[in-house]
Amino acid sequence: MNKRISRVWVHRTSRAAAILYCFLGLVFLPFTLLAVAAGGGGGALSVGKLAPLPYGAFVYIFTALSCWLCNLAAKRVGGAEYDAVGHLNPL
């Protein structure tokens with residue numbers, strides 16, 4: 001069964017991507033802080049703690065732009081098609 005993606009929700013997709021990348025930034029934050037501390041950068045240490053926030057903001061902006069461009073392209077070419085087999089059974 002062929003399915004077609006004709007529209008991507010800009011805000012929902014961007015929000016999910018930004019939250020995911022903020023969490024990834026938090027996961028890698030201890031390693032970043034260790035690298036900065038080993039390098040002797042005291043001022044960079046305080047900036048490193050805030051790094052996941054602008055990282056998430058940039059991901060939100062560029063994901064929103066990508067979704068918007070995808071929606072524009074889908075209007076012209078009809079969207080992306082994929083093949084779906086079967087269905088999911090809820091637990």
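Modeller: Residues are numbered from 1 along each chain as its sequence is written, and side-chain values use heavy atoms, without hydrogens or water. In this predicted model, local features need pLDDT of at least 70 and side-chain atom pairs count only at pLDDT 80 or more, whereas totals for chains, interfaces and linings use all residues.

Biologist: How many disulfides are there?

Modeller: A disulfide is a pair of cysteine sulfur atoms within 2.5 Å. For C67, the nearest cysteine sulfur, that of C70, is 6.9 Å away, and C67 is in no disulfide. The count of disulfides is zero.

Biologist: Is C67 buried or exposed?

Modeller: Buried means under 20% relative accessible area, exposed over 50%, and partly exposed in between (1.4 Å probe, protein chains only). C67 has a relative accessibility of 6%, so C67 counts as buried.

Biologist: Which kind of aromatic pair do Y21 and Y55 form?

Modeller: Rings of Phe, Tyr and Trp (its six-membered ring) pair if their centres lie within 6.5 Å; planes under 30 degrees apart count as stacked, over 60 as edge-to-face and the rest as tilted. The pair links distant parts of the chain, with Y21 in helix α1 (residues 10-39) and Y55 in helix α3 (residues 52-77); helices are DSSP runs (H or I, at least four residues), numbered from the N terminus. With 5.8 Å between centres and 75 degrees between planes, the Y21 and Y55 pair is edge-to-face.

Biologist: Is F31 buried or exposed?

Modeller: F31 forms a tilted pair with F28, and both lie in helix α1, three residues apart. At 56% relative accessibility, F31 counts as exposed.

Notes: Helices (H or I, at least four residues) and strands (E, at least two) are DSSP runs, numbered from the N terminus.
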